[in-house]
Amino acid sequence: MSKKLMKSFAAMFLAMTVFAASAMIPGEKASAAGTPVKGFYVSGTNLYDATGQPFVMRGINHAHTWYKNDLAAAIPAIAATGANTVRIVLSDGGQWTKDDIASVENIIALCDQYKLIAMLEVHDATGSDSTSTLNRAVDYWISIKDALIGKEDRVIVNIANEWFGSWSSEGWANGYKAAIPALRNAGIKNTLVVDAAGWGQYPNSIFEKGLEVAGSDPLKNMIFSIHMYEYAGGNETTVKNNIDSALALNIPVIIGEFGHKHSSGDVDEATILSYTHEKNVGWLAWSWYGNGGGVEYLDLATGPAGSLTDWGKTVVNSTYGTLATSQLNGIYTTPGYQPVPDNGNPPDPTAPAAPTGLTATAGDGQAALSWNASSGATGYTVKRATVNGGPYTTVASNVTGTSYTDTGLTNGTTYYYVVSASNSAGSSADSGQAGVTPQAVTTPTGSLVLQYRAGDTNAADNQMKPHFNIKNNGTSAVNLSGLKIRYYFTKEGTESMNAWIDWAQIGGSNIQTSFHSTTGTNADSYVELSFSASAGSIQAGGQTGDIQLRMARSDWANLNESNDYSFDATKTSYADWSKVTLYQDGNLVWGVEP
């Protein structure tokens with residue numbers, strides 16, 4: 001989309017015919033003519049991250065080059081939407097002020113800090129058919145390649161936004177068949193994105209010439225992008241046919257831009273969201289804020305860190321929005337992941353350091369252990385003793401996560417644990433020791449049950465999303481105004497916390513939140529949910545339904561939920577959970593306090 005965010009199409013609208021290509025191109029991880037590096041790679045219609053996990057983009061476009069001073073506010077706010085990718089508008093100096101290598105390095109670092117994959121795009125060639133504008137974009141990428149090399153696991157290069165405005169395929173294909181080898185010959189090995197012709201809205205260019213364009217990449221590491229506005233995304237049939245026909249080439253496709261309407265017609269955003277979810281196709285909504293020229297309705301937010309507009313609420317909060325469907329890249333969730341170094345080649349492994357932060361939580365005949373990940377570790381060994389300081393006996397080896405529950409213990413006996421990390425290069429020293437004394441647990445009995453599920457199972461991002469449901473198994477109604485829920489956690493610092501009710505069946509406005517300090521195992525804080533009189537009551541045999549809480553630190557720094565008393569990533573559907581507590585008229589009626 002252009003700076004004014006308006007697209008001028010020829011008066012004669014070229015009808016798009018659906019072309020189901022029968023030829024197939026293997027989407028294998030590249031070798032042969034080019035040497036791949038550790039990073040994103042393509043296989044069939046899927047994009048994979050550097051840990052080998054499929055990566056489906058759920059993201060937002062940000063018009064950085066026109067709002068260069070807003071980056072520090074915009075990126076944390078975009079990350080707070082749950083997005084896993086941000087597409088950044090850059091300039092090569094052709095139309096706007098050039099984004100130099102230092103500014104690009106800063107953009108990448110900030111996106112990395114907030115666990116956002118950065119898709120960088122040059123905007124100056126938008127709508128142009130001139131190969132000189134495409135070549136200028138190529139020259140720009142080569143001039144800043146030192147910012148890209150070594151970041152192949154977290155930076156994707158969208159060569160030129162909407163280059164080739166004409167609705168034809170030949171010139172578009174010829175331009176990219178020259179541009180892609182030039183980038184590869186310069187040593188740029190990041191995954192490449194190529195927009196369709198016709199201002200991104202003529203996907204026939206992909207159907208007709210996509211195999212030729214893909215064949216020009218010696219690394220076979222590229223994907224196509226369709227921009228779905230009124231022509232490429234105007235109705236359900238068009239949306240589905242365009243996606244299916246692109247995937248028929250056996251190459252990944254993304255929806256690099258889309259809105260809910262545009263200057264020449266409506267857009268079927270509901271089908272775009274639902275069908276991309278069904279087909280595991282990535283998308284990036286246009287755009288965070290700053291739209292002008294009559295399409296201000298495409299703003300997702302009211303400013304760089306502003307509140308969501310109605311369009312923004314659709315992209316973020318709807319059934320197939322970022323909060324519900326986005327998954328962070330595996331490089332941010334895999335314990336021991338080792339980033340790509342600046343030379344683009346993975347280093348020789350070294351033995352990991354000893355794990356830190358070992359904690360042990362007592363249960364009934366068991367002990368729940370958790371620790372911080374050790375960089376480069378591929379597994380952990382858990383050791384136990386009944387004497388302070390050992391000697392220790394191995395109770396579990398090759399543990400791939402950063403937690404372990406030791407069962408079959410004797411209540412009243414104190415046990416002492418250490419953990420070591422290992423990889424192909426060897427094992428670390430033991431961690432610091434943690435002691436724990438299992439005890440029988442007595443939970444309150446009554447007619448009320450508090451259920452919990454983890455709305456976000458990632459323990460290392462900047463938000464917590466515990467969801468709750470209260471069931472009334474009694475024979476009479478219970479007023480919600482007399483109930484309070486408490487969820488216990490460690491907030492890792494002194495920053496204040498914020499809380500939001502993203503959705504509640506009983507109405508989010510009927511629920512109040514407050515934060516308090518506490519002491520106990522794996523807890524220094526708790527959030528308390530209380531209910532106004534207008535929330536009503538839970539009828540006998542009834543339940544409140546979903547109560548979706550979301551929390552974050554005021555500075556949006558990352559949290560470590562793995563050591564939180566109430567957190568349980570295994571509970572992805574509602575289950576009775578004793579580590580969240582429920583109070584009725586001030587009395588504990590469900591759960592066990594830490």
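His467 is buried in this predicted model. Its relative accessible area is 9%. The cut-off for buried is under 20%, so His467 qualifies.

Where does His467 lie? In strand S22, which runs over residues 466-472.

Next, the annotation. An unreviewed UniProt entry marks residues 444-594 as "domain: CBM3". How much helix and how much strand is in that span? Residues 444-594 are 0% helix and 43% strand. The end C-alpha atoms of the span lie 14 Å apart.

Now over to a helix pair. Helix H5 covers residues 170-185, and helix H6 covers residues 204-215. They pack at an angle of about 25°, with their axes 9 Å apart. Angles under 35 degrees count as roughly parallel, so H5 is roughly parallel to H6. The crossing of H5 and H6 is right-handed.

Which residues make the contact? From H5, take Glu170, Trp172, Ala173, Tyr176, Lys177 and Ile180. From H6, take Ser205, Ile206, Lys209, Gly210, Glu212 and Val213. By class, the contact of H5 with H6 has six nonpolar residues, two polar and four charged.

To recap, two things to find on the structure. One is His467, buried in the model and placed in strand S22. The other is the H5 and H6 pair, with a right-handed crossing.

How values were computed
Residues are numbered from 1 along each chain as its sequence is written. This is a predicted model: local features need pLDDT of at least 70, side-chain atom pairs count only at pLDDT 80 or more; totals for chains, interfaces and linings use all residues. Side-chain values use heavy atoms; hydrogens and water are left out. Axes are lines fitted to C-alpha atoms, for helices over the stretch in contact, and angles run from 0 to 180 degrees between N-to-C directions. Helices (H or I, at least four residues) and strands (E, at least two) are DSSP runs, numbered from the N terminus. Angles under 35 degrees count as roughly parallel, over 145 as roughly antiparallel, 65 to 115 as roughly perpendicular and the rest as oblique. A crossing is left-handed if the near helix is turned anticlockwise from the far one by less than a right angle, and right-handed if clockwise. Contact means heavy atoms within 4.5 Å. Ala, Val, Leu, Ile, Met, Phe, Trp, Tyr, Cys and Pro count as nonpolar, Asp, Glu, Lys and Arg as charged, and the others, Gly among them, as polar. UniProt positions are given in the numbering used here, feature names are shortened, and annotations may be inferred rather than shown by experiment. Buried means under 20% relative accessible area, exposed over 50%, partly exposed in between (1.4 Å probe, protein chains only).
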